[in-house]
Amino acid sequence: MKIGSKGTELVKSTLNQRWPGVFASEHLEQVCHENRIIKRRLRRYERATISNEMANACRVAAKALQLVYHQNIRCLIVYLYHRMKQIRQLHWQGLKSKNGESYYLSRLHSAEKTYLQEYHKTLQNHMKHIDIDLTTDREPPQTVHVEVKCNKDHERIVLESGREIEFHQGDTYYMKRSDAESFIQRGYLTDTTNQ
């Protein structure tokens, strides 16, 4: 067995794999097993009583094993972080696929499914707290200004641009998109630019 190859193989296979790949629990276990072997060898080097001639060789070997050990840990972190990023991306895509939601979920580890559920729950709580739906209108706007129609009366407010305005139900306004965006998301205004 070539020491240090398992972690690198894990990262290479992950980066070359088409998402969503099946969770590589067997490959992860091999990397962990390799690290346990390295730890045992390091302990053996620490306990060994050797002559001065062999001391330098053992120190070099121990240092090389420590480097491989830490490289394996970094590879595990890269693998798990890559999976975590992909899971968050799945959430923002809405798990949409020609194969359906269950296709994606079947390829996730149980801990990853829990992470996805908790991520979704946390995001929902945050959106409820700030009163803005972050999952809508994620495409960049084509125009800087929008024409909006007021759905509800709203008392005098100061917009982000510094302009003061009072909204009256049924009225139409032409304003900067950045000023109107939060009111559109809260339901006070309706974008009528493309209608």
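Trainee: How many helices and strands does the protein have?
Mentor: Glad you asked: this is a predicted model, where local features need pLDDT of at least 70 and side-chain atom pairs count only at pLDDT 80 or more, while totals for chains, interfaces and linings use all residues. Residues are numbered from 1 along each chain as its sequence is written, and side-chain values use heavy atoms, with hydrogens and water left out. Helices (H or I, at least four residues) and strands (E, at least two) are DSSP runs, numbered from the N terminus. Counted that way, the protein has six helices and five strands.

Trainee: In what order do the elements run from the N terminus on?
Mentor: Both kinds of element are present, helices and strands. From the N terminus on, the order is α-α-α-α-α-β-β-β-β-α-β.

Trainee: What percentage of the residues in the protein is buried?
Mentor: Buried means under 20% relative accessible area, exposed over 50%, and partly exposed in between (1.4 Å probe, protein chains only). Of the 195 residues in the protein, the buried share is 30%.

Trainee: Which way does helix 1 run relative to helix 2?
Mentor: Their axes, lines fitted to C-alpha atoms (for helices over the stretch in contact), are compared by angles from 0 to 180 degrees between N-to-C directions. The axes of helix 1 (residues 5–16) and helix 2 (residues 25–47) come within 8 Å and cross at roughly 155°. Angles under 35 degrees count as roughly parallel, over 145 as roughly antiparallel, 65 to 115 as roughly perpendicular and the rest as oblique. So helix 1 is, relative to helix 2, roughly antiparallel.

Trainee: Which residues of helix 2 do Ser5, Lys6, Gly7, Glu9 and Leu10 meet?
Mentor: Contact means heavy atoms within 4.5 Å. Among the buried residues of helix 1 are Ser5, Gly7 and Leu10. Together with Lys6 and Glu9, they meet His27, Leu28, Gln30, Val31 and Glu34.

Trainee: Why does Asn35 count as buried?
Mentor: Asn35 lies in helix 2, and leaving aside neighbours within four places in sequence, Asn35 is in contact with Val68, Tyr69, Asn72 and Ile73. Asn35 counts as buried because its relative accessibility is 8%.

Trainee: Is Arg59 buried or exposed?
Mentor: Arg59 is found in helix 3 (residues 52–93). Its C-alpha is 9.4 Å from that of Glu46, 13 residues away in sequence. With 53% relative accessibility, Arg59 counts as exposed.

Trainee: How far apart are the end C-alpha atoms of helix 5?
Mentor: The expected span of a helix is 1.5 Å times one less than its number of residues. Helix 5 (residues 110–130) has 21 residues and should therefore span 30 Å. The model agrees, with the end C-alpha atoms separated by 30 Å.

Trainee: Which residues are exposed on the other side of helix 5?
Mentor: Let's begin with the buried residues of helix 5, Glu112, Leu116, Leu123 and Met127. They cover an arc (of the directions from the helix axis to the C-beta atoms) of only 50° around the axis, which puts them on the same side of helix 5. On the other side, the exposed residues are Ser110, Gln117, Thr122, Lys128 and His129.

Trainee: What is the relative accessible area of Asn151?
Mentor: Asn151 lies in the loop between strand 1 (145–150) and strand 2 (154–158). Not counting residues up to four places away in sequence, Asn151 touches Gln169, Gly187, Tyr188, Leu189 and Thr190. Asn151 is partly exposed, and its relative accessible area is 29%.
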